[in-house]
Amino acid sequence: MIKALRSRLHQGYKTNAFPAENPRLPERYPGAPRLETERCTVCGACKAICPTSAISVQSGEPAGAEPRLALDLGRCIFCRKCETACPEGAIAFTGSFRMGARAKAGLVLGSVPHVSSTRTSRLDVSNDAHKAVSTGAGNQALNSEETRLIEALDRKMLKIFGRAMKIRQVSAGGCNACEADVNVLETIGFDLSRFGISITASPRHADAIIVTGPVSKNMELALRKTYEAMPSPKLVIAVGACAISGGIYRGLPDVCGGADAVIPIDLYIPGCPPHPMTILNALLELLDRVPRKN
Amino acid sequence: MKLFTNGSAMSVEDIPVVDFEFFARSIAEAVKSGASIVALFAVPDYGKGAARTAAELTALPTNAATEKRARLFAFLGLPTKGMIGGIAADIGSAFPSLTPKIPQAHMFEREIFENTGIVPVGHPWLKPVRKIFDYDFYSLEGGQTHEVAVGPVHAGVIEPGHFRFQCYGEEVEHLEIALGYQHRGIEKALAGGPDIRTIHFMETSAGDTTIGHATAYAMLIEALTSTQPDARAEAVRGIALELERMANHIGDLGALAGDVGYLPTKSFCGRLRGEVLNLTAEICGNRFGRGIVQPGGVGFDIDEKMATSIAARLQKIVKDTDEAVGLLWDSPSVLARFERTGMLKKETALELGLVGPAARACGIERDVRSDYPSGIYKYAAIPVATYPSGDVYARAMVRMLEYQRSASAILDVLAALPAGNTGKPASRALPARSVALSLVEGWRGKICHCAITDNRGAFLYYKIVDPSFHNWPGLAYALRGQQISDFPLCNKSFNLSYCGFDL
């Protein structure tokens, strides 16, 4: 007992100071990419080398405008091959861990996304809350070269989830890297529960699900059943390139190619896997718990 | 039997094709004298016609019952010789099962049946491997017997799988583990490669073993293209592999403490595991080592400044971890739960062909790093950690010894990083009709990759054998006669991969 107490003193206080202070991440951590569109000659070198086809060349709007590059963070696995391949230095990884979006289009850098601006304020707590919470963020991404802050939940939803949120995690073909970096949020280093957020064992007790993996065909039913077992209103969070778009597994016959093929998604957190700080930050931005300086 | 060293390539014609009876006898004799099966698989319609590619193979009809329609390849690890032996036989739509005489062949034969429809006649337990439907569970009937079904979605943040317990009161008489929920079709996707996605499939086949699987793949490509990575690249790979082992062992020791309700060690180790992952991230920017291992070398160098800082941080981590883990052995309540829980006999472990810490905790001296050394392990011998008792305590003890020995190996390598390049990707085309095999001691045990190329040098068949493929049945056996409430503890002491098994 004395020994345990002594080691408790010796091990010290290790919880990071986020969001008051940003933690120091390794120098080689890539972080969010930024497009320098004025440097880009649309030579296609990056597109050819991208293993997940995250880079595309889009014809802008109106039709006939100059073609320009688009980088989909929902597919990106942050291998940095595009950065190396680009002769003009038009793609740079910034080291920023703040990434994520409420709508899939918000993950596309440099594009002119075709999103309908059907912003709805309806909140049907008793039934299908998804329509109310999952729209609205697309406009943020218009002509954006870098990532933006994640739109917080609306006031009614914040009143329900803002101070306490229970999360059920479902791995559906995940490789155990995303799972591990979700799990680590519960350790003393990040201490998720200081924000009122915790992982729960049963979908019946859950306010949100975190889905990881490309959703293997063999997990499709289990994922849907887990979702259906949760009481409304409920949120779904896709963590990692696989859950957002299928990632490296996109197009394989044994996977669904992302969680939104099965259930509606409210928050997308990109990465392969996302750094735990990216996940923590995205959860807190969603719950409006991070100071919004920009 | 064709003998070769770990990480060798040869023409596919070099693997002797023998009649089945001789094939079966050779394997049985080798296994009797201490060999273990590292891979056993059937390549359908092999040898028919010349221009075989993976795409053509899948398009072929598979109803020719009488003709020889597949070639069965067996690769055996012969630890006394430090060599791998390869042998093959052509088979029709059925073959006499090896399992009754060689139990460790059972999962391989089930996999062959599921993938090709070729029947191992006389297999005692011919159940699905990765198919989740139509699984026929063994069941127990009688007074006070009951069945407990768990999964695929589990209570914690872990991967999906289904466990079916047959209990008599609180005691588990039989546990059946049905997997396949994580199946993504990696092996199928690899056929026709390598291409720009290949290395990423390897890195995510089991994401917590990124370095292990990527190293096995890189060794295989290097063997096929006769590329020799520089000593410096080998050193960086070795450091990354041992960091991976440390991170997982430390995390699991913490989780074991959590499973018996001993929170100090759980909290400390949860944080310390992260510190080790952060060291990997210092090297490559990613906590799981993505991008470090590339065929031909490594993607990132460790300069002198980084080597010094990693060494200093590592020493601090080891000191803190030794203290945290040391608390376990001083707590009677922990020992009472660890000792004689989830016992596995050495004979059972040998028969099932267990690998890695699970085997070493049954007193079996089996470690790829010393049995079939490659890379830095040719020069830096890491003593094999074993413990005889086969229970949770033994598996915890082996994990502790291993993270300590990994740490001192890393410090040794960091102190004397060899000069040289970190290497350029091996871009040369692969030779046609060749076979290559590599073994790596991942943190869960022996990882085996084996590739056969077609007439154009593309992958005709790529086989990945994750250590979990050998070890899941070990967990099922360890549960026999245990309290069902001890399942989480036993499970964590093995901590096997679902996606590595399901692929």
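How many cavities of 30 Å³ or more does a search of the whole structure find? The search finds ten, where a cavity is a set of points on a 1 Å grid over the protein atoms alone at which a 1.4 Å probe fits but cannot get out, and lining residues have an atom within 4 Å of a point. A volume is the space filled by probe spheres set on the points, which are joined across faces, edges and corners.

Before selecting anything, note that this is a predicted model, in which local features need pLDDT of at least 70 and side-chain atom pairs count only at pLDDT 80 or more, while totals for chains, interfaces and linings use all residues. Residues are numbered from 1 along each chain as its sequence is written, chains are lettered from A and ligands numbered from 1 in the order in which they are written, and side-chain values use heavy atoms, with hydrogens and water left out.

Select E244(B), N248(B), L277(B), R287(B) and F288(B), which lie nearest the centre of the largest cavity among its 14 lining residues. This cavity holds about 110 Å³ of space, and the largest share of its lining, five residues, comes from α7(B); helices (H or I, at least four residues) and strands (E, at least two) are DSSP runs, numbered from the N terminus.

Next, select C175(A), C178(A), C242(A), C272(A) and T204(B), the residues nearest the centre of the second largest cavity, which has about 90 Å³ of space. Its lining takes three residues from α6(A), the element that gives the most.

A cis peptide bond joins C272(A) to P273(A), with omega about -15°, and P273(A) is found in the loop between β10 (267-269) and α9 (276-286) of chain A. In chain B, another cis peptide bond joins G193(B) and P194(B), with omega about 0°.

Is F78(A) buried or exposed? F78(A) is buried, at 12% relative accessible area, whereas Q144(B), with a positive phi of about 65°, counts as exposed at 62%; buried means under 20%, exposed over 50% and partly exposed in between, with a 1.4 Å probe and protein chains only.

Terms used. 1 Å grid on protein atoms, 1.4 Å probe; cavity = no way out; pocket = protein on both sides within 12 Å on 5 of 7 lines; lining within 4 Å.
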